[in-house]
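Subject: Structure for you to look at

Hello,

Here is the structure I promised to hand over. Please open it first, then read my notes below.

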Amino acid sequence: MAELLLDSSIRIWVVLPIVLITFCVGIIRHYVTQLLQSDKKVDLEQVSDSQVLLRSRILRENGKYIPKQSFNMRKQYFNDAETGFFKKVKRKVTPKNPMTDTSMLTDMMKGNLTNVLPMIVIGGWINWAFSGFVITKVPFPLTLRFKPMLQRGIELLSLDASWVSSASWYFLNVFGLRSMYSLILGQDNAADQSRIMQDQMTGAAMAMPPDPNKAFKSEWEALEIVEHKWALENVEEELMSRDLNFCELVLHD
Amino acid sequence: MASVSEMYDVTWEEMRDKLRKWREDNHRNSEQIVDVGEELINEHASKLGDDIWIIYEQVMIAALDCSRDDLAWVSSPSDMSSSSEQGTCLQELKRQFPGSQRVKRLAGMRLEALEKYEDASKQYDSILQDDPTNTAARKRKISILKAQGKSAEAIRELNEYLEQFVGDQEAWHELSELYINEHDYGKAAFCLEELMMTNPHNHLYCEQYAEVKYTQGGLENLELSRKYFAQALKLNNRNMRALFGLYMSASHIAASPKVNATVKKANVKYATWATNQINRAYQLAGRGTKENKCSVKAVEEMLESITMS
């Protein structure tokens with residue numbers, strides 16, 4: 001297919017405005033989300049549980065630095081058949097149903113409002129306002145199946161699929177400007193739509209596993225199989241074999 | 001009185017960066033912070049922008065340390081002439097963040113500094129009512145008990161706190177200090193073990209643990225202490241205290257009548273190695289100074305005297 005020569009005013013009046021619009025809408029979305037964000041209430045028990053699990057994990061990983069007796073004492077505290085923490089403590093678990101739990105419902109609605117709605121509105125407006133001509137050519141060849149998707153409003157059968165219309169340029173911008181947002185707004189900003197869409201797909205990705213009992217059980221199993229191999233068994237020999245030169249070099253200042 | 005910027009010839013940006021560095025490293029050089037911070041607040045408040053709030057907090061805590069009550073909170077409105085621009089730290093913070101718990105905690109700290117412990121305690125209780133997970137308020141309450149000298153109660157409260165917040169290393173360290181003051185070395189050792197597990201590469205915790213074990217006494221504990229002194233040395237070759245500790249624990253074990261010959265020989269070997277290292281360290285350190293010979297001789301004599309006893 002021959003090269004098309006596009007009017008340079010397309011560049012000024014279409015390409016750049018779409019970039020600007022996408023960018024500004026993204027920034028506005030970020031600030032609106034921050035304004036609408038509700039405070040996250042932290043539960044004391046949840047914090048406490050997460051710290052206990054952390055401690056047990058540290059015991060497993062770094063237990064070799066403390067004496068054998070201390071390690072066994074702690075292991076017994078956690079894992080003992082009757083009085084161990086993981087055996088004794090059962091937390092009441094209320095499964096958080098997204099339909100009935102009010103706080104999660106409002107959060108979801110807010111998320112939808114601030115992200116999906118502008119995208120649809122602006123996408124539609126751009127489609128209506130900038131229709132009937134191609135904007136740009138993507139640098140890689142595309143198959144014909146992309147034509148109805150990327151060339152809305154242009155009914156030319158022989159046009160290369162690489163020539164795209166304004167709507168596709170808009171969507172390209174939405175995902176492409178993500179790194180610009182992190183440059184300007186810092187990491188973890190609310191204008192990052194793709195991340196939000198990922199979150200919606202994975203479902204309830206809340207802070208702690210909603211079932212602490214399961215977490216306790218898996219931690220109990222992991223702790224059962226750990227053995228204590230004291231790291232300080234031969235520490236003096238190691239120290240003296242290595243240190244004779246080291247000491248001198250280090251004090252040499 | 002020359003201002004800091006004139007004395008050290010620094011610009012206000014450098015002063016601000018210095019304050020930030022002290023803040024991030026958790027330095028407690030309160031006098032310096034007060035000097036630098038006071039000048040920044042008085043002269044360059046407008047240029048600081050939003051940084052000024054955290055600087056207010058930092059300077060206020062430092063001012064409480066130096067009992068600069070005028071800076072932390074102006075008590076009388078008498079000095080109207082100069083204090084019109086000189087808003088004081090707590091007032092400014094209260095004005096800007098009226099409902100904030102962080103500011104409430106600072107108000108409580110000020111009450112503590114004035115020794116009004118009851119009022120401070122009430123203040124912290126009100127913070128905890130709003131937010132039961134606020135660790136800062138709980139810790140301040142415990143430090144009130146410590147300041148009043150009620151160490152048994154402080155220990156009890158700290159234990160309860162740690163039951164809920166097992167991961168708070170600062171609290172474990174504080175508890176170990178309290179136990180050491182009460183001469184309860186077994187429990188202090190437990191706290192230090194927690195710290196060692198979470199920070200396996202920190203030679204200071206190893207060394208402190210070894211010292212506690214050494215103080216507890218008994219053959220097993222001496223062996224443990226020797227091992228942990230050696231570990232501290234392995235982690236940091238320049239830890240002189242650990243080197244001395246290694247020497248003392250090894251020579252104590254060697255001098256004890258209950259050990260068999262092999263153990264005795266091994267410990268004598270460790271002790272002599274430690275002596276050599278100590279001597280060498282003092283010789284290297286004092287190179288070129290006149291006092292060198294005296295200090296080296298003093299160390300040698302000291303080591304001999306310990307061996308004899």
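**What I found**

UniProt, in an unreviewed entry, places the feature "domain: EMC2 TPR-like" at residues 104-213 of chain B. Keep in mind that the model is a predicted one. Over residues 104-213, chain B is 81% helix and 0% strand. The end C-alpha atoms of that span are 41 Å apart.

Next, look at the second largest pocket. Its volume is about 1400 Å³. The lining of this pocket has 33 residues. Closest to the centre are B:Arg28, B:Arg105, B:Met109, B:Arg140 and B:Glu170. Which helices of chain B each supply at least two residues of the lining? They are helix 2 (12-25), helix 3 (30-48), helix 4 (51-65), helix 8 (101-113), helix 10 (135-147) and helix 12 (169-181).

**Chain A overall**

Now turn to chain A. It has eleven helices and two strands. From the N terminus on, the order is α-α-α-α-α-β-α-β-α-α-α-α-α. Chain A has 253 residues, and 36% of them count as buried. Now take the contacts in chain A with a separation of 6 or more. Residues 24 or more positions apart account for 70% of these.

**Two annotated spans**

UniProt also lists "transmembrane region" for chain A, again from an unreviewed entry. What does the model show for each?

- Residues 12-32 of chain A are 100% helix and 0% strand, with end C-alpha atoms 29 Å apart.
- Residues 116-136 of chain A are 67% helix and 5% strand, with end C-alpha atoms 26 Å apart.

**Helix 10 of chain A**

Which residues of helix 10 of chain A are buried? They are A:Pro212, A:Ala215, A:Phe216, A:Glu219, A:Ala222 and A:Leu223. These residues cover an arc of only 130 degrees around the axis, which means that they sit on the same side of helix 10. What covers them? The cover includes helix 2 (44-62), helix 3 (68-79) and helix 4 (85-88) of chain A.

Best wishes

Key. Residues are numbered from 1 along each chain as its sequence is written. Chains are lettered from A and ligands numbered from 1 in the order in which they are written. This is a predicted model: local features need pLDDT of at least 70, side-chain atom pairs count only at pLDDT 80 or more; totals for chains, interfaces and linings use all residues. Side-chain values use heavy atoms; hydrogens and water are left out. Buried means under 20% relative accessible area, exposed over 50%, partly exposed in between (1.4 Å probe, protein chains only). Helices (H or I, at least four residues) and strands (E, at least two) are DSSP runs, numbered from the N terminus. The arc is that of the directions from the helix axis to the C-beta atoms. Contact means heavy atoms within 4.5 Å. UniProt positions are given in the numbering used here, feature names are shortened, and annotations may be inferred rather than shown by experiment. On a 1 Å grid over the protein atoms alone, a cavity is a set of points where a 1.4 Å probe fits but cannot get out, and a pocket is an open set with protein on both sides within 12 Å along at least five of seven lines; lining residues have an atom within 4 Å of a point. Grid points are joined across faces, edges and corners, and a volume is the space filled by probe spheres set on the points.
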